[in-house]
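Subject: Structure for you, with notes

Hi,

Here is the structure I promised to send over. My notes on what turned up in it follow below.

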Amino acid sequence: MKPIHAGLLLLVFLPALAAAQIPGEVSCDKGADMPRVQALVKKTAEALKKDEGTVVQQINHGDKQWKDGYYYMVVVRGTQILAHGYFSSAAGMDAAKPPYDRMFPAVKLMEKIALTKGEGCVQYDFMNPAKSGQVEHKVTYVTKVSGNLWAASGTYLLRK
């Protein structure tokens, strides 16, 4: 096949490959109040593009502009947590390495979705602060900010 034809085929099929679901990725419609979660993440991502340092600091200090009720922001570079709106002590941890990988089990998948697809959702089990830390199924929306910087927030699985 001539190089020009291979390039044209790649242009035709690349959008379909990018849209293919990554193993472990779920539909974002599984989470309760997902539009609120997505709006918070997108607002935070835009602010991070303008002033990353200030936004990270504000999230880690509990600034309410980076929360919406029980929904809080997490900002990550690669797998290194920069800001966490619920566990501010997590800032600085590499969530993909022991012992933190057990505390943040889906971080590698979130990173892959954010950096490969630009955005998407992951389902996993996590402590629900609205229920005194009871472990429940959570759906988290992630979006790429720039480079390997990404932002996330999640909600709990819809009950049917």
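The largest cavity in this predicted model has a volume of about 200 Å³. A cavity here is a set of points on a 1 Å grid over the protein atoms alone where a 1.4 Å probe fits but cannot get out. Grid points are joined across faces, edges and corners, and the volume is the space filled by probe spheres set on the points. With a cut-off of 30 Å³ or more, the count comes to one cavity.

Some ground rules before going on. Residues are numbered from 1 along each chain as its sequence is written. Because the model is predicted, local features need pLDDT of at least 70 and side-chain atom pairs count only at pLDDT 80 or more, while totals for chains, interfaces and linings use all residues; side-chain values use heavy atoms, with hydrogens and water left out.

Back to the cavity. Its lining (residues with an atom within 4 Å of a point) comes to 19 residues, and Val-74, His-84, Phe-104, Met-110 and Tyr-124 lie nearest the centre. By type, the lining holds 14 nonpolar residues, four polar and one charged. Nonpolar covers Ala, Val, Leu, Ile, Met, Phe, Trp, Tyr, Cys and Pro, charged covers Asp, Glu, Lys and Arg, and the others, Gly among them, are polar. At least two lining residues come from each of β4 (74–77), β5 (80–84), α4 (107–117), β6 (119–128), β7 (134–146) and β8 (149–156). The most come from β8, which gives four.

Those names come from DSSP runs numbered from the N terminus: helices are H or I of at least four residues, strands are E of at least two. The protein chain has four helices and eight strands. Of its 160 residues, 41% are buried, meaning under 20% relative accessible area with a 1.4 Å probe, protein chains only.

Now the sheet. Six strands form an open sheet in the order β1-β6-β7-β8-β4-β5, with antiparallel pairing; two strands pair if DSSP finds at least two bridges between them. Its edge strands are β1 (25–26) and β5, each pairing on one side only. On one side, β4 is joined to antiparallel β5 by four bridges, and Val-75 stands opposite Ala-83 in β5. The hairpin of β4 and β5 has two residues between the strands, and Gly-78 there takes a positive phi near 65°. Four bridges also join β4 to β8, again antiparallel, with Trp-150 in β8 as the bridge partner of Val-76.

The whole structure has five aromatic pairs, counted when rings of Phe, Tyr or Trp (its six-membered ring) have centres within 6.5 Å; planes under 30 degrees apart are stacked, over 60 edge-to-face and the rest tilted. Phe-87 and Phe-126 are edge-to-face because their planes stand at 75°, with the ring centres 6.2 Å apart. This pair links distant parts of the chain, 39 residues apart: Phe-87 is in the loop between β5 and α3 (100–103), and Phe-126 is in strand β6. Both Phe-87 and Phe-126 are buried. Ring pairs link Tyr-72, Tyr-86, Phe-87, Phe-104, Tyr-124 and Phe-126 into a cluster.

Elsewhere, Lys-43 lies over the face of Trp-66, at 5.2 Å from the ring centre; the rule for this is NZ of Lys or CZ of Arg within 6 Å of the centre and within 35 degrees of the ring normal.

Happy browsing!

Definitions and conventions: On a 1 Å grid over the protein atoms alone, a cavity is a set of points where a 1.4 Å probe fits but cannot get out, and a pocket is an open set with protein on both sides within 12 Å along at least five of seven lines; lining residues have an atom within 4 Å of a point. Buried means under 20% relative accessible area, exposed over 50%, partly exposed in between (1.4 Å probe, protein chains only).
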